Amino acid sequence: MFSTKSKKHMEEPKSEIRISYITGLNDVVSEEIRVSGLTIRGTSDDSFYVDFAGSLSPFKQLRSASRAYLVVRDTRYHPTYINNHKSILGALVDVVISEDAKGFKSFKLTCAGSDSPEARGIARYIAETYKLSEEEDADLKIHIIKQETVWEVGVQITPRPLSVRAYKVRNMEGAMDPTIAYATNSFCNLENAKTYLNIFSGSGTLLIEAGQCYKNLEKLVGFDNNKKHLSLAVQNIKEAGLTRSVQLFEDDIFGNPDLGKFDAITSDLPFGMSISKGENLNTLYKCFIEYCEETLISRGRLVVYTNEHKMFKEIISKSKFKIVKTLRLEFMTNGNQYLHPKILVCTF
Ligand SMILES: C[S@@+](CC[C@H](N)C(=O)[O-])C[C@H]1O[C@@H](n2cnc3c(N)ncnc32)[C@H](O)[C@@H]1O
């Protein structure tokens with residue numbers, strides 16, 4: 001017979017979902033989790049923990065999250081313990097693989113001492129039990145990490161990050177992270193809007209996120225002055241099933257295109273590499289703001305995303321717009337460089 005105390009000690013922790021996101025998007029992510037009917041139980045660096053109730057589907061729908069993992073946390077779960085109790089990890093892998101049997105062909109184990117006999121024992125178990133090959137760029141991502149005093153054992157629930165969208169058949173250098181595009185749109189009051197304009201539309205990320213999330217929008221328009229970018233957008237928009245709802249134009253902001261008035265305007269403003277050689281950013285931003293003053297309806301929302309926020313703020317202070325909300329983001333580029341761009345919500 002177990003005493004109550006030892007029985008309690010034998011209890012395994014409940015599975016949870018860890019939802020990770022880009023630094024600065026926490027309010028947007030927590031709101032999306034709340035609207036999805038899920039409850040946040042805890043937080044850690046750029047992650048929320050939510051109860052796992054048996055299905056991964058609700059978590060795969062989240063648009064503001066970068067990644068989601070099925071995890072268990074316990075002070076005992078260091079690699080040696082997991083090597084001796086492999087079924088703890090096996091239970092997580094079973095759930096993830098059972099919901100997408102064909103999606104996983106390879107695995108990667110991330111843990112301290114990944115060459116240790118314990119880690120190798122765990123890797124052999126995964127390879128043999130699930131017939132997966134161990135690879136660097138793998139579909140099934142497993143981690144055993146220590147967070148303060150607690151060990152976390154986890155498996156990413158999808159082969160690719162949640163932020164990698166199925167509609168992105170064509171990628172553009174400098175394209176926006178779709179979770180940031182979702183967040184940008186979420187500040188436009190689009191639930192109550194009918195018309196939406198995306199200036200500097202590039203490969204179409206903002207337009208597609210808006211078209212897929214706000215079916216009430218009757219007019220979705222984008223423009224860009226680069227033919228190649230427009231053709232990438234056409235292909236992504238087609239893949240997203242939005243060809244009939246989105247209108248794209250080849251136009252230059254300096255040409256003051258006449259596209260009508262809009263309830264909301266968004267823009268991922270050109271900066272750094274994404275601006276043509278010789279183009280003056282200050283002149284471009286001034287022209288952009290003047291255009292928005294003419295094109296946005298009164299009390300409409302202008303939401304921009306830029307790394308050049310100082311310059312943008314200076315120009316906006318001389319316009320009829322006021323900034324009503326700012327989100328400071330932080331992430332690392334593919335070139336291992338930290339960026340601190342902002343989402344700025346403006347109205348007049
Ligand atoms: C940062 S990118 C937008 C990326 C887009 N959000 C995406 O996810 O693909 C900026 C875009 O502005 C466009 N652009 C730059 N100068 C422009 C101008 N004067 N008029 C119109 N478009 C311009 C570029 O061609 C580029 O596609």
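Contact here means heavy atoms within 4.5 Å. This is a predicted model, in which local features need pLDDT of at least 70 and side-chain atom pairs count only at pLDDT 80 or more, while totals for chains, interfaces and linings use all residues. Residues are numbered from 1 along each chain as its sequence is written, and side-chain values use heavy atoms, with hydrogens and water left out.

**Phe59**
- Phe59 touches Ile17, Ile19, Leu38, Val50, Asp51, Phe52, Ile157 and Leu162, leaving aside residues up to four places away in sequence.
- Phe59 lies in helix 3, residues 57-60 (helices are DSSP runs of H or I, at least four residues, numbered from the N terminus).
- Phe59 counts as buried because its relative accessibility is 2% (buried means under 20% relative accessible area, with a 1.4 Å probe and protein chains only).

**Helices 7 and 8**
- The axes of helix 7 (residues 178-186) and helix 8 (residues 205-213) come within 9 Å and cross at roughly 60° (axes are lines fitted to C-alpha atoms over the stretch in contact, and angles run from 0 to 180 degrees between N-to-C directions).
- Pro178, Ala181, Tyr182, Thr184 and Asn185 of helix 7 meet Thr205, Leu206, Glu209, Ala210 and Cys213 of helix 8.

**Confidence**
- The protein chain has a mean pLDDT of 94, and 95% of its residues reach 70 or more (pLDDT is the predictor's confidence in each residue, from 0 to 100).
- Over residues 1-8 pLDDT stays under 50, and the model has one contact beyond four places in sequence for them.
- Where pLDDT is low, predicted coordinates should not be read in detail.

How values were computed: Helices (H or I, at least four residues) and strands (E, at least two) are DSSP runs, numbered from the N terminus. Buried means under 20% relative accessible area, exposed over 50%, partly exposed in between (1.4 Å probe, protein chains only).
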